[in-house]
Amino acid sequence: MELKKNEIYTAQITDYTTEGSGVCKINGIAVFVPSTAVGDTVSVKIVKSAKNYAYGRAEEIISPSNQRKEPDCAVFGKCGGCTFRHIDYSAELEFKQKRVVDTMTRIGGVDSGLIEKIIGAKSCNFYRNKAQLPVTADKNGKICVGFFAPRSHRVVPLDECHLQSKAFAPAIKIFLEWANSINIKPYDEQTHTGILRHLYLRYAEKTDELMVCIIANANELRHEKQLVQLLVDNVPNLKTVVLNTNTDKTNVIVGKKCRTLYGDGYITDELCGLKFRISPLSFYQVNRTQAERLYGIAAEYADLKSDETLIDMYCGTGTIGLTMAHNAKKLIGVEIIPQAIEDAKKNAKFNGIENAEFICADASSAAEALSKRKIKPDCIVLDPPRKGCDSKLISTISSMSPSRVVYVSCDPATLARDIKIFSEYGYNAEKITPVDLFPRTVHVECVVLLTKVHN
Ligand code: SAH
């Protein structure tokens, strides 16, 4: 029988959903209760009820789980950023390991014995080198920045975030002082009016360089020179200031047009011993320390020899391929964003890498073109966005017959789906390592070695 809305029950949390919500069974029906821990006994108020499941809210923790810890952030549960500030990190890693094992075995048909132990982070706080903060006004009309509440576009104002680099604080303060002093309006999604959409910050941890990018519903800002001067005077590690224009009615954050207001329009970080330039439109892993460990495993799986050809699909600014290029004869990187390819080419030059070629194209079309060019890769690295690879790409890759495919993924579900497709083309998963690039959030990265079965 369906559970009644607003009814209160006592239940024990026995599992987590893939989104990290606690799950309990009430009258045989699964009830999802956010911000609870496996082992909690809670009193649950039903907030939404369907035939086979319901959503609940924990009214009271009657007996806490031994996984629990006191959340160390005032807006935990209100802001949509963190899922796991209420349990200890070892319990979070256990959840992530189980999530990967369940998904790989259930959807990917992979033997659980192939999945290595998750590589946890040494530091769970202040690791994010990128922040995109929506700009809004509080009830007194004062401009502030914050984060979106879970599953909504309501901005939760915030003073300090435990995920973001501490290097952002001085620039946030100056930006808000400037915005509040010139009476500029935050952008309003509903009416498509106002100017300031997001404050977008990036930090190169190794070189201590900061990028400030203002995303605006305009091509210029009133008093933009004054903003630059204030930032230059007060933020010692400021390297560049960029104005990004996004006049579209969209929830895509960054627009296509950038104008540099100060500096070179990019910052430079170091990763696996190489230098990489990062501009506002190009992808760069948000957790530098864990990215180095991830790329280390990818290199180990790729196991390149000096006479081999490597294709780095979805290469962004070339990071993965370039860190492996010294072991290979030739590297070909493929990426759809022109600015990222420009960065990749410069990164190759910058690091004295002469055996790299970069192609700006959709992965599938590029694979076909490379196949027509009779390129015979020995190894292909894939690092697609969350939606994974399209099946046509997998089929073209298989026809190119590399002996190894190294698949780096930020979504276990689409990864498992693609592993299954690869297996139909004779590529079997040999090893899978989950890496925690995003502590305190529900996300988990995986790197997989697929090898061609000889028959
Ligand atoms: N390997 C890089 C970037 C991974 S993120 C790194 O580790 O830094 C995924 C990248 O795929 C992004 O740079 C994105 O712009 C690119 N991308 C998205 N769709 C694509 C497509 N259809 N073809 C090629 N590249 C694509």
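## Two helices meet

Let's start where α2 touches α3: Ala171, Ile174, Phe175 and Trp178 in α2 meet Gln226, Leu227, Leu230, Leu231 and Asn234 in α3. Contact here means heavy atoms within 4.5 Å, and helices are DSSP runs (H or I, at least four residues) numbered from the N terminus. The residues in this contact split into 7 nonpolar, 2 polar and no charged; Ala, Val, Leu, Ile, Met, Phe, Trp, Tyr, Cys and Pro count as nonpolar, Asp, Glu, Lys and Arg as charged, and the others, Gly among them, as polar.

This is a predicted model, where local features need pLDDT of at least 70 and side-chain atom pairs pLDDT 80 or more, while totals for chains, interfaces and linings use all residues. Residues are numbered from 1 along each chain as its sequence is written, and side-chain values use heavy atoms, leaving out hydrogens and water.

## Around the ligand

Now for the ligand: it has 16 residues around it, and Tyr295, Glu335, Asp362, Ala363 and Asp383 come nearest. A residue counts as near if one of its heavy atoms lies within 4 Å. This shell divides into 10 nonpolar, 3 polar and 3 charged residues.

In the side chain of glutamate 335, an N or O atom sits 2.6 Å from a ligand oxygen. Aspartate 362 has a polar side-chain atom 2.8 Å from a ligand nitrogen, and alanine 363 puts a backbone N or O atom 2.9 Å from a nitrogen atom of the ligand.

Methods. Polar contact = N/O pair within 3.5 Å; in protein donor to acceptor, adjacent residues only side chain to side chain.
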